[in-house]
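The sequence and the structure come first, and the description follows.

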Amino acid sequence: MLVEFSVENFRSFKEEAVLSMEASADKTHPNNMVTIGKDRIIKTAAIFGANASGKSNIFMALTAGIMIVRNSLMLPPNAQISGINPFKFNKKMAGKPTSFKFVFYAGGKKYIYGFSATREKIIEEYLYVYNSAKASTIFEREETNKYKITSPALKKVMQPLQDRTASNKLFLATTAMFNIPETQVPYLWFTNSINTYSNDAGILQNQTISSFENDEDSSLKTFTNTLLREADINIDDFDFTTSEISTEELLQKVPEPLKNVVLSVPTNINKEYKITTKHCFIDDPDDYLMSLDDESFGTRKLFFLSPLLKKVFETGETVCIDEFDTSLHPMIVIYLVGLFNNPDVNKANAQLIISSHTMDLLSLKVLRRDQIYFVDKRRSTGVSELYSLDEFSPRIGEDIRKAYLLGRYGSVPTLIERGDN
């Protein structure tokens with residue numbers, strides 16, 4: 001479970017930006033948070049801001065930090081580290097490292113892991129664990145190849161791996177590969193327990209469609225039908241079928257630029273998926289069948305979100321989705337956010353972090369003050385800032401939406417009226 005994420009010198013974030021999932025002293029909506037040890041952690045966070053303010057850069061930073069960890073073992077020596085993208089509007093920042101830090105729970109323990117890197121090499125790296133009230137050092141790395149390992153037992157097994165860690169690789173990944181529990185547990189958190197997802201229905205379809213094919217016990221079908229029904233989508237049931245299609249037939253269906261991709265697949269037989277939705281009406285005895293392709297963008301997005309939601313409610317994953325509300329009605333957005341805050345549905349304490357323009361979420365009847373974040377960009381410097389509504393200490397009954405639109409919290413566009421010609 002994510003407790004905190006921070007990033008510095010990344011795209012529009014010159015200074016450190018901190019997204020904290022640690023609950024404040026706010027006593028409202030107790031179901032919107034969970035207690036682990038002495039930490040109180042919120043289950044959902046929504047980020048608001050004007051277009052081009054830097055909201056998407058938070059999600060790009062999350063993606064970059066996660067993927068650098070996941071891809072470290074596969075990176076060839078001397079290859080550039082993908083995802084490092086320093087602040088654009090200050091030439092001095094281009095040569096400085098980008099820093100990422102994650103605080104999280106994994107395997108019943110709290111960890112702090114972070115690293116700083118340029119495109120060429122890892123500059124600093126550290127991993128701490130809370131075995132008690134005080135954090136203990138697992139390892140520290142400075143100036144690329146200077147290591148500090150305080151535990152004699154860990155030093156014995158980890159010191160020989162220092163020379164096997166190239167300057168562009170993470171020591172966390174190297175040591176985890178050699179099955180060292182102290183690093184393997186936090187490494188597996190990055191590979192299995194936190195993900196960023198696209199808001200695009202087509203990309204979601206590619207990511208989740210195999211789940212429908214492997215739904216042998218029909219539990220996903222039941223979950224999806226329930227989700228659509230509760231969201232007031234007029235679909236009573238659906239059928240999912242697959243059929244084999246030859247490469248020649250497939251080539252007739254794909255655009256010209258994609259034909260070379262199809263031909264590069266080393267098989268002559270491909271699978272074609274067909275999803276048929278069933279519609280029933282109270283005043284009509286007949287059932288009506290439609291292809292899912294003929295349903296609305298929002299319906300298709302919700303349909304292909306369902307395997308993701310089912311999985312995370314079972315595993316307790318942290319889910320990060322930029323522009324989550326694209327093609328979704330505001331009431332459906334509130335409904336989906338509410339699923340994560342509902343302890344009867346979200347029994348594994350999965351987390352949802354989104355950016356949104358859905359004003360209905362800006363309500364203290366829906367979210368706590370510490371669950372609402374804003375991103376604002378200074379016009380004078382191009383620097384983005386991330387901050388919580390909790391910093392403004394609004395009254396419980398305050399109209400947050402109105403105050404936001406009036407610019408009380410910043411993070412809204414400054415529109416210039418066009419004069420008469």
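**The chain as a whole**

The structure is a predicted model. Its protein chain has eleven helices and 18 strands. The radius of gyration is 24 Å, close to the 22 Å that the globule rule gives for 421 residues, so the chain is as compact as a globular protein of that length. Along the principal axes, the C-alpha atoms fill a box of roughly 75 × 60 × 55 Å.

Of the 421 residues, 49% are buried. The accessible surface comes to about 21,600 Å², and carbon and sulfur atoms account for 50% of that area. Among contacts with a separation of 6 or more, 62% are between residues 24 or more positions apart. The side chains include 48 positive and 53 negative ones, and the centres of these two sets lie 10 Å apart.

**Strands E6, E7 and E8**

Strand E7 covers residues 109–117, and eight of its nine residues are buried. E7 pairs with strand E6 (residues 98–106) in the antiparallel sense, over nine bridges. E7 is also joined to strand E8 (residues 122–130) by eight bridges, and these two strands likewise run antiparallel.

Both pairings can be located by residues that face each other. Tyr-105 stands opposite Lys-110 in E7, while Ser-116 stands opposite Glu-124 in E8.

The hairpin of E6 and E7 has two residues between the strands, and in it Gly-107 takes a positive phi near 60°. From E7 to E8, the hairpin runs through four residues.

Thr-144 is not a glycine either, and its phi is positive at about 75°.

| Residue | Phi | Loop between | Relative accessible area |
|---|---|---|---|
| Thr-144 | about 75° | strand E9 (135–142) and strand E10 (146–148) | 11% |

Residues count as buried under 20% relative accessible area.

Conventions
Residues numbered from 1 in each chain as written. Predicted model: local features only at pLDDT ≥ 70, side-chain atom pairs only at ≥ 80, totals over all residues. Heavy atoms only, no water. Buried < 20%, exposed > 50% of the residue type's maximum accessible area, 1.4 Å probe, protein only. Pairing = 2+ DSSP bridges. Rg over C-alpha atoms; globule rule 2.2 N^0.38 Å. Contact = heavy atoms within 4.5 Å. Areas by Shrake-Rupley, 256 points an atom, 1.4 Å probe, with all protein chains shown as cover. Lys, Arg positive; Asp, Glu negative; His and termini not counted. Charge placed at Lys NZ, Arg CZ, Asp CG, Glu CD.
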